[in-house]
Amino acid sequence: MGEMAKPELESTDIRNKLEDLSGVEIKPGDNPYHALINACHGNAAEIQSLYATHRIARNLQQKEKFLSHEFKELIIDPFLLRLENPKLEPGFKDPRNCLVFWARPPDHIIRLVVHLQQALKQAAPNLWLMPTHRMHMTTLEIAHSRSPAEIESMVALMRPKFASLTNMPFTKRARLVKPFISYDLSALAVSFLPAAGEAVLSPPPVAPHPKHINHPGLLGNDTAESDTYTYHHLRRDVFDEAKSTGVEIGSRYVVPSAHITLGRYLTQTDHETPEQRQKWVQAIDDLNNWLEGEVWDVQDGEYVGEWIVGQERGLDARNGALWYGGGRTIMVGEGF
């Protein structure tokens, strides 16, 4: 008898679909980022409100799942499990190749994220943490779960536009504020909201920089002017520019979320009992209360919760098996 074929591994996305909870309807074929901007009349405060609605609704939904009497188990990522524990399947390599544009967090955001990771690790010692040098926020996913040859053909098609795409934040500044831990049955992330007139908290970018504006990280003279261009506008423009190359954009999901993955679950050990799960949910609630009270809108605080996309480096065009921060860089845009 021939050897039985190994069962195909299932991505956590299949069991843990990230649905849009903002209430905005997206029409097939349209630039999906236009829909939310149009629904909000292009108003930054309304866009921020829809991002907040999505993440609050999702956390409440997930909290119910953790605390439900019908809770069965966490959703363990079988790909990451094999990469982290090679004994399970010696020689295993992630077959899912992707093409993406990432925004890389600046140093002050990395400091905050490390603090959050350490607190979460105390509450769940077996948590897998995203290494700091791999941290990223996906501005646009072009393709996922493809072969290297398929990705190579897309890269060739897009090559003339990589410079303009990765440099876009240098002339189109989008500010993110109000960090908050978002979570589900498979992973945790720190999510941000598009700014809407909040006070500027970021350290100024490295000189030399334009002297005719109040803060060199913003293009307008004040936040009311500069925040009219939000992170959702940036995602819309990256989508349009990428699509103009003729490449087919196959994002897994388009939701009003700006997030950096903090960690994933690789074992049930820390969440087996109702008491453990209650303690876990409480730890996340406590951290979110701390963020709101000690980081949001706090001038000269120990941690800075604002991120102007493009600080230190532009967008990072990457391909390869990069689900957990790996892969290779094709091009990085100029930072400010």
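In strand E6, His 259 has Ser 191 standing opposite to it, and this pairing belongs to strand E5 (residues 187–194), which joins E6 in the antiparallel sense over six bridges. Two strands are said to pair if DSSP finds at least two bridges between them, and the strands themselves (E, at least two residues), like the helices (H or I, at least four residues), are DSSP runs numbered from the N terminus. The model described here is a predicted one, in which local features need pLDDT of at least 70 and side-chain atom pairs count only at pLDDT 80 or more, whereas totals for chains, interfaces and linings use all residues. Residues are numbered from 1 along each chain as its sequence is written, and side-chain values use heavy atoms, with hydrogens and water left out.

Strand E6 (residues 258–264) also pairs with strand E2 (residues 128–129), to which it is joined by two bridges in an antiparallel arrangement, and in this pairing Leu 129 stands opposite Gly 263. E6 is mostly covered, as six of its seven residues are buried; here buried means under 20% relative accessible area, exposed means over 50%, and partly exposed lies in between (1.4 Å probe, protein chains only).

For the protein as a whole, 11 helices and nine strands are found, and buried residues make up 51% of the 336 residues. Of the contacts (heavy atoms within 4.5 Å) between residues at least 6 apart in sequence, 78% join residues that are at least 24 apart. The protein exposes about 15900 Å², of which carbon and sulfur atoms supply 52%, the areas coming from the Shrake-Rupley method with a 1.4 Å probe, where for residues only the protein chains shown count as cover.

Four strands form an open sheet in the order E3-E1-E8-E9, with antiparallel pairing. Its edge strands are E3 and strand E9 (328–332), each of which pairs on one side only. On average, neighbouring strands of this sheet are turned by 15 degrees against each other, direction ignored; the axes are lines fitted to C-alpha atoms, for helices over the stretch in contact, and angles run from 0 to 180 degrees between N-to-C directions. Within the sheet, strand E1 (residues 97–103) and strand E8 (residues 316–320) pair in the antiparallel sense over five bridges, and Cys 98 stands opposite Gly 320 of E8.

Side chains of opposite charge can pair when their charged atoms come close. The structure holds 14 salt bridges, a salt bridge being a side-chain nitrogen of Lys or Arg within 4 Å of a carboxyl oxygen of Asp or Glu. In one of them, Arg 104 and Asp 316 have their closest N and O atoms 3.0 Å apart. Since Arg 104 lies in the loop between E1 and helix H5 (107–123) while Asp 316 lies in strand E8, the pair ties together parts that are 212 residues apart in sequence. Both Arg 104 and Asp 316 are buried, and together with Arg 318 they are linked in a network of salt bridges. Another salt bridge brings together Asp 237 and Arg 236, with the closest N and O atoms 2.9 Å apart; Asp 237 is buried at a relative accessible area of 12%, and Arg 236 is buried at 18%. The side chains of Glu 89 and Arg 82 likewise meet in a salt bridge (3.0 Å, N to O), but Glu 89 counts as partly exposed, at 21% relative accessibility.

In helix H2 (residues 32–39), the buried residues are Pro 32, Tyr 33, Ala 35, Leu 36 and Ile 37, and what covers them includes helix H3 (44–67), strand E3 (137–146) and helix H10 (231–243). At the start of H2, a side-chain oxygen of Asn 31 reaches to within 2.9 Å of the backbone nitrogen of Tyr 33. The helix is followed by His 41, whose phi is positive, near 55 degrees.

Asp 297 is partly exposed, with a relative accessible area of 48%. Asp 300, which lies in the loop between H11 and E7, has a positive phi of about 55 degrees although it is not a glycine, and Asp 300 is exposed, with a relative accessible area of 80%.

Note on methods: A polar contact is a pair of N or O atoms within 3.5 Å; within protein, one must be able to donate a hydrogen and the other to accept it, and residues adjacent in sequence count only if both atoms are side-chain atoms.
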